[in-house]
Every structure is written in C-alpha cells, then in structure tokens.
Amino acid sequence: MTYILLFISAIFVNNIVLSQFLGICPFLGVSKKVDTAIGMSAAVTFVMTLATLCTYLLQKLLLDPLDLGFLQTLVYILVIAALVQMVEIILKKVSPALYQSLGVFLPLITTNCAVLGVTLNNLTETTMAGNKYTFIEALVNSLGVGLGFLLAMVLFSGMRSKIQESEIPESFKGLPATLIAASFISLAFFGFGGIVENLFA
C-alpha cells in the first residue's frame, strides 16, 4: 500500500513540473507536438529511474562509508551525463527520427534540474511514517515522478495544439497563451491532492 500511495502521489500530487516547478525548460520547449513530448518524457523517465538506481547505490556504498558526501552533486551530475550519452546512442540507432526531433533538448537532460532534483530528493524525503526512502521506495518514487512528467507533457502538448488551432487575441499568441495554459493544468493537478488523501485515508 505504501508503494501505491508513493507512486500515485509522485504522479499527481507532487508532480515534478506542476507542483515543484522542476524541468520547466523541456516542459515549455518540447511540448509543441505530442509525439515529441512523449519521446522526451520517456527519455527523461528512463534516465531518472536509472540515475536513481545508480546514485542511491553510490551514495550508500561509496560516498557515505568513505565520508565523501561533499562530492554528491558532482558525482550525480557525472552519472546523469553518462546515462544521457547512453540514451543518445540508443535513440540514434533505434529511432533516428525521434533523435532528430528532440534535437538540442536531448543533451539538455544532462542539466535537467528535474533529474538531479529527484535523485537528491530520494535521499532526503521521508515517508508518512517519517523514515527515509528505502532503495525500492526511491525507485518507485522516481518512476512515478517520470510518469508524472510524461502526463504533464502530454496534457500540455495537447492543450498547446488546441491553442494553435484556436482564434485568440494577437496579444495572447505565443508565450502568454502557453503560460496561461500551463497555469490551468497546474491548477487542475492541485485538485488531486484531496482525492488521493481521501482514497488512502
């Protein structure tokens, strides 16, 4: 039950983009087309989950025992950069079209604050019982956060495509309409907080 609550909360209540405002750059930059948004989100989810797997083990087995906690951020960034390179190589071989459509945003996963933020939060966040996340809970949280990122991206890209087809005032075209749409989606996600609390009360 703890894993289900953690997973659902990561997707809907503590959405990384809409509640914590991390990963805004790809959220605004790669959300013009649904297929590109899905590809980018899948890559971010994959990197996020693998980064959590690697960084959690590195923290517990290497950095903490050797008292090298001050190297945490540097080590995490290096791990994330290596994983992004791996994803780039795989995408280039498997799906050249998606690789081309993601363009500059794929290497930017390296500096995506959502990925680094999740890996750091998994070591500091606590469960409802007040305990730090276990290894499995950290992985479940990362997967939930990644799927929450995917959900936000897909919803937002759908909304942006509708905005482009609609007749809106000239002063609202472009970035103003995009930011207003993002705020509407963010407000909608705030409603999930009460639903999740009632479901698992």
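Helix 1 (2-13) and helix 7 (residues 135-165) pack at about 30°, with axes 7 Å apart; axes here are lines fitted to C-alpha atoms, for helices over the stretch in contact, and angles run from 0 to 180 degrees between N-to-C directions. That makes helix 1 roughly parallel to helix 7 (under 35 degrees is roughly parallel, over 145 roughly antiparallel, 65 to 115 roughly perpendicular, the rest oblique). This is a predicted model, where local features need pLDDT of at least 70, side-chain atom pairs count only at pLDDT 80 or more, and totals for chains, interfaces and linings use all residues. Numbering starts from 1 along each chain as its sequence is written, and side-chain values use heavy atoms, with hydrogens and water left out.

**Helix packing**

- The crossing of helix 1 and helix 7 is right-handed, meaning the near helix is turned clockwise from the far one by less than a right angle, with anticlockwise being left-handed.
- Helices are DSSP runs (H or I, at least four residues), numbered from the N terminus.
- Helix 3 (residues 34-63) packs against helix 7 at about 165°, with the axes 9 Å apart.
- That makes helix 3 roughly antiparallel to helix 7, and helix 3 passes helix 7 in a right-handed crossing.
- Sorted by class, the contact of helix 3 with helix 7 has 20 nonpolar, eight polar and no charged residues (nonpolar: Ala, Val, Leu, Ile, Met, Phe, Trp, Tyr, Cys and Pro; charged: Asp, Glu, Lys and Arg; polar: the others, Gly among them).
- Helix 3 and helix 4 (72-94) have axes that come within 9 Å and cross at roughly 140°.
- That makes helix 3 oblique to helix 4.

**Aromatic pairs**

- There are three aromatic pairs, counted when ring centres of Phe, Tyr and Trp (its six-membered ring) lie within 6.5 Å; planes under 30 degrees apart are stacked, over 60 edge-to-face and the rest tilted.
- Y56 and F135 make a tilted pair, 5.6 Å centre to centre with 50° between the planes.
- Y56 sits in helix 3 and F135 in helix 7, so the pair ties together parts 79 residues apart in sequence.
- Y56 is buried at 10% relative accessible area, while F135 is partly exposed at 26% (buried is under 20%, exposed over 50%, partly exposed in between, with a 1.4 Å probe and protein chains only).

**Nonpolar core**

- The largest nonpolar core has 45 residues, a core being a set of buried Ala, Val, Leu, Ile, Met, Phe, Trp, Tyr and Cys residues joined through side-chain atoms within 4.5 Å.
- Helix 3 gives the most to this core, with nine residues.

Definitions and conventions. Helices (H or I, at least four residues) and strands (E, at least two) are DSSP runs, numbered from the N terminus.
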